[in-house]
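Please look over the sequence and the structure shown here, and then follow the text from a pair of helices to a sheet.

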Amino acid sequence: MSTPSASLPGGTWPLGDLTVSRVGYGAMQLAGPGVMGPPADRDGALAVLREAVALGITHVDTAGAYGPRVTNQLIREALHPYPSSLHLVTKVGAVRDEQGGWPPARRPEELRRAVRENLDDLGLDALDVVNLRFGDAQGPRPGSLAEPFETLAELRQQGLIRHLGVSNVTADQVAEARGIAPIVCVQNLYNLAHRQDDKLIDDLAGKGIAYVPFFPLGGFTPLQSTALSAVAARLDATPMAVALAWLLRRSPNILLIPGTSSVAHLRENVAGAGLPLSDADLAELDRIGR
């Protein structure tokens, strides 16, 4: 097995007392269509997870709502007992309905149940990192996250969670969460074209807190940019490779969690994140989101 992160671009970043590769893996796409039900190719899904670890990835992002529960069970089947270097980050605060929606589930009893299910499905006694998902499918929404976050802080005090994070939140909600308990990461929508969190990223970097960008399912992606396509063509690379490489260069606290259900695509994402970008490339790309 590879030495953790030895061959990965970007090096590592601390999540509290944990050290993870900045190039991680997002397991969302391992579930069936619409992130519901089992994968069409179960063996292929297991192979992707094992390849991620073989490549030196030490940061896998998941959630009990994926499937629901399918992705966590695949992770356990593929990787348990886990290497000591591997750290699993999960999310709570939403469930799935019969229509494939993501209704909120943030009452204390719902969060406690979600944590227990994550522990059971992943085969763990304590979860490395749990993110509270706030807002809705359209993005962050104003309001207090105190009650649900206090519930997670209590579970952390009980030893069921090692570290906490927040997802789909505003800067004010990040500050509110930090006033309740330490956080190690923020997971929000961010890419070349969606730059609303620029100031937040820089503020978090100064505090040693990771920022984990995600791309929306089925929505706008940075691949729909003429400028990005031009840079990619000049570098003989894919637009996704350039987008990932830009994120890795944007700030040292940015952690990548691109998802895929293909071993070949996983390898492409890892290689793409290490694509060298010149100052001229970076300047051209920076203009996309301005």
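Helix H8 (residues 239–250) and helix H9 (residues 263–273) have axes that come within 7 Å and cross at roughly 50 degrees, where axes are lines fitted to C-alpha atoms, for helices over the stretch in contact, and angles run from 0 to 180 degrees between N-to-C directions. H8 and H9 are therefore oblique to each other, since angles under 35 degrees count as roughly parallel, over 145 as roughly antiparallel, 65 to 115 as roughly perpendicular and the rest as oblique. On the H8 side the contact (heavy atoms within 4.5 Å) is made by Met-240, Ala-241, Leu-244, Ala-245 and Leu-248, and on the H9 side by Asn-269, Gly-272 and Ala-273.

This is a predicted model, in which local features need pLDDT of at least 70, side-chain atom pairs count only at pLDDT 80 or more, and totals for chains, interfaces and linings use all residues. Residues are numbered from 1 along each chain as its sequence is written, and side-chain values use heavy atoms, with hydrogens and water left out. Helices (H or I, at least four residues) and strands (E, at least two) are DSSP runs, numbered from the N terminus.

Turning to the sheet, seven strands form an open, parallel arrangement in the order E3-E4-E5-E6-E7-E8-E9, two strands being paired if DSSP finds at least two bridges between them. Strand E3 (25–26) and strand E9 (210–214) stand at the edges with a single partner strand each, so one side of each is left without a neighbour in the sheet. Strand E6 (residues 127–133) pairs with strand E7 (residues 161–167) in the parallel sense over six bridges, and Val-130 has Leu-164 in E7 as its bridge partner. Helix H4 (residues 146–157) packs on the sheet, touching strand E5 (87–92), E6 and E7, and its direction makes about 160 degrees with that of E7.
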